[in-house]
Amino acid sequence: ITFTNIIATETAVRRNILDGIRAINQGVQDEVGKQFGADGKELTVHANSAPDNEPIQGHQFSNTEFDKLQAGQPFVDYEGRKFKPIARPIGVWNCRHFTYSIILGVTKPNYTTQQLDKMIEDNQKGYTDPKGKHYTMYECTQKQRDYESKIRKNKELQRTLKDSGDIEGAKKVQ
């Protein structure tokens, strides 16, 4: 077993636990929706959304159209806007979106079109580095997560090297 294998295993276990909790919570929400006769879903909204989710977050969908979305097929929201298939289903593969069961035509959307457009605009403003490369805010968050993962990995490696008596190796990692 190598240090890299230990970190990869730790990451996989953490991800599986988080995904499992998310799946349970979504299952409860879906069951509650069935009990009150929900005929649709509304996607949650968050700043700096991934490019595949950004145009559809906050929208309402019939259950049939949401199933198409999840199956990678073209789909239409409740307002009649058409969307091309997305590669990854909502709520999996590190997607932070969640769906709420709704009654179409009764449940008022949580966000206006103007609010959703503003979130897209803010994400696109992003950041331009000193070399002139532009990043969306989503891309910035992905870079940040990458840096944080590398820092955690190096801290753990440093502790392992110290514990094994390799002080020089620990200094290099630091």
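A47 sits in the loop between β1 and β2, in a chain of five helices and seven strands. The model is predicted: local features need pLDDT of at least 70, side-chain atom pairs count only at pLDDT 80 or more, and totals for chains, interfaces and linings use all residues. Residues are numbered from 1 along each chain as its sequence is written, and side-chain values use heavy atoms, with hydrogens and water left out.

**Fold and dimensions**

- The order of elements along the sequence is α-β-β-α-β-β-β-α-β-β-α-α; helices (H or I, at least four residues) and strands (E, at least two) are DSSP runs, numbered from the N terminus.
- The radius of gyration of the chain is 21 Å, whereas a compact globule of 174 residues would have one near 16 Å. This radius is taken over C-alpha atoms, and the globule rule is 2.2 Å times the number of residues to the power 0.38.
- Along the principal axes, the C-alpha atoms of the chain fill a box of roughly 65 × 45 × 25 Å.
- Among the contacts in the chain with a separation of 6 or more, 54% are between residues 24 or more positions apart; contact means heavy atoms within 4.5 Å.

**Surface and charge**

- Of the 174 residues, 28% count as buried. Buried means under 20% relative accessible area, exposed over 50%, and partly exposed in between (1.4 Å probe, protein chains only).
- The chain has 26 positive and 23 negative charges, whose mean positions are 5 Å apart. Lys and Arg count as positive and Asp and Glu as negative, while His and the chain ends are not counted; each charge is placed at NZ of Lys, CZ of Arg, CG of Asp or CD of Glu.

- Ten residues form the largest nonpolar core: L43, I56, F61, F66, L69, F75, F83, I86, I90 and C95. Such a core is a set of buried Ala, Val, Leu, Ile, Met, Phe, Trp, Tyr and Cys residues joined through side-chain atoms within 4.5 Å.
- Beyond its neighbours within four places in sequence, L43 is in contact with I56, Q57, G58, H59, F61, F66, I90, F98 and T99.
- T99 belongs to strand β5 (residues 99-102) and counts as buried because its relative accessibility is 3%.
- Not counting residues up to four places away in sequence, T99 touches Q26, Q29, D30, K41, E42, L43, F66 and I90.

**The loop between β1 and β2**

- N48 lies in the loop between β1 (40-43) and β2 (60-62); its relative accessibility is 22%, so N48 counts as partly exposed.
- Although it is not a glycine, N48 has a positive phi of about 60°. Most residues other than glycine have a negative phi.
- A47 has 43% relative accessibility and therefore counts as partly exposed.
- A47 touches R96 and M119, leaving out residues up to four places away in sequence.
- A47 and L116 are 69 residues apart in sequence, with their C-alpha atoms 9.5 Å apart in space.

- D122 is in helix α3 (residues 113-125) and counts as partly exposed because its relative accessibility is 31%.
- Between D122 and T136 there are 8.6 Å, C-alpha to C-alpha, for a separation of 14 residues in sequence.
- S164 is found in the loop between α4 (137-163) and α5 (167-173); at 56% relative accessibility, S164 counts as exposed.
- From S164 to L69 the C-alpha distance is 51 Å, and the two are 95 residues apart in sequence.
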